[in-house]
Amino acid sequence: MSDLVTRLPVMDATFLEQLYQQIPLTQAMGIQQLSWDASATQPCLAMHLALPPLVNDKGTAFGGGVVGLATLLGWCWTRLLWETKQPSAPVVVKSAQQTYLAPIEGDFTLRARPLHDDWVETLDPQHSARPGVTLEVEAWQAERCCFRFQGVYRVLAKASIS
């Protein structure tokens, strides 16, 4: 089993503070907490969110804000897991798609997890024939899944940055 699986990065306020500094928009997005779901069979990162910063004219979560947060959570998942192996490697989203299943009418939780079992191999830019990990992010309000997102995230070799 890979070190990336057996030792999830410690999640503390430091990462969230770094996120707020590196991506200032995140300060206004209602992020209450980031945490690893230890009960999951695959690494699952959860983002707990307040509705008020995302509310639209209908009193529900603005779809564009939810997509932005899902994209961000996938990026956080990839960065946190890969930085234990190569701290300065840039992470990017290659492609994404989303489906809106029901209105989000209150505080909610986004959960990101890998879609395939071979995610460790696909994450490594040096050793993968299929570079990029496919993550599924779902928005849950109480016991209802309201939104589903799939994104492919890549860790770039430093030479890829120009």
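This tour moves through a predicted model one selection at a time, from its nonpolar core to its aromatic pairs, a loop residue and a strand.

**The core**

Begin by selecting Leu45, Met47, Leu69, Trp77 and Leu110, which are the residues with the most contacts inside the largest nonpolar core, a group of 45 residues. If you then colour α2 (13-22), β1 (31-36), β2 (45-49), α3 (63-83), β4 (108-114), α4 (119-123), β5 (133-141) and β6 (144-155), you will have marked elements that each supply at least two residues of this core. Among these elements, α3 gives the largest share, with twelve residues. In soluble globular proteins, nonpolar side chains tend to be buried together.

Keep leucine 69 selected and show what surrounds this side chain: leaving out residues up to four places away in sequence, leucine 69 touches Met29, Ile31, Met47, Leu49, Leu54 and Leu110.

**The aromatic pairs**

How many aromatic pairs does a search of the whole structure find? There are two. For one of them, select tryptophan 77 and tryptophan 119, whose rings are arranged edge-to-face, with 5.1 Å from centre to centre and 70° between the planes. Because tryptophan 77 belongs to helix α3 and tryptophan 119 to helix α4, this pair ties together parts that are 42 residues apart in sequence. Both of these tryptophans are buried.

Now select tyrosine 100 and phenylalanine 147, which form a tilted pair, with 5.3 Å from centre to centre and 55° between the planes. Here tyrosine 100 sits in strand β3 (residues 91-100) and phenylalanine 147 in strand β6, so that distant parts of the chain, 47 residues apart, are linked. Are these two partners buried or exposed? Tyrosine 100 has a relative accessible area of 48% and counts as partly exposed, whereas phenylalanine 147, at 1%, is buried.

**A loop residue**

Next, go to the loop between α2 and β1 and select threonine 26. This residue is buried, with a relative accessible area of 2%, and, apart from neighbours within four places in sequence, threonine 26 is in contact with Leu19, Tyr20, Ile31 and Leu72.

Finally, select β4, where five of the seven residues are buried, so the strand is largely enclosed by the rest of the structure.

Methods: Residues are numbered from 1 along each chain as its sequence is written. This is a predicted model: local features need pLDDT of at least 70, side-chain atom pairs count only at pLDDT 80 or more; totals for chains, interfaces and linings use all residues. Side-chain values use heavy atoms; hydrogens and water are left out. A nonpolar core is a set of buried Ala, Val, Leu, Ile, Met, Phe, Trp, Tyr and Cys residues joined through side-chain atoms within 4.5 Å. Buried means under 20% relative accessible area, exposed over 50%, partly exposed in between (1.4 Å probe, protein chains only). Helices (H or I, at least four residues) and strands (E, at least two) are DSSP runs, numbered from the N terminus. Contact means heavy atoms within 4.5 Å. Rings of Phe, Tyr and Trp (its six-membered ring) pair if their centres lie within 6.5 Å; planes under 30 degrees apart count as stacked, over 60 as edge-to-face and the rest as tilted.
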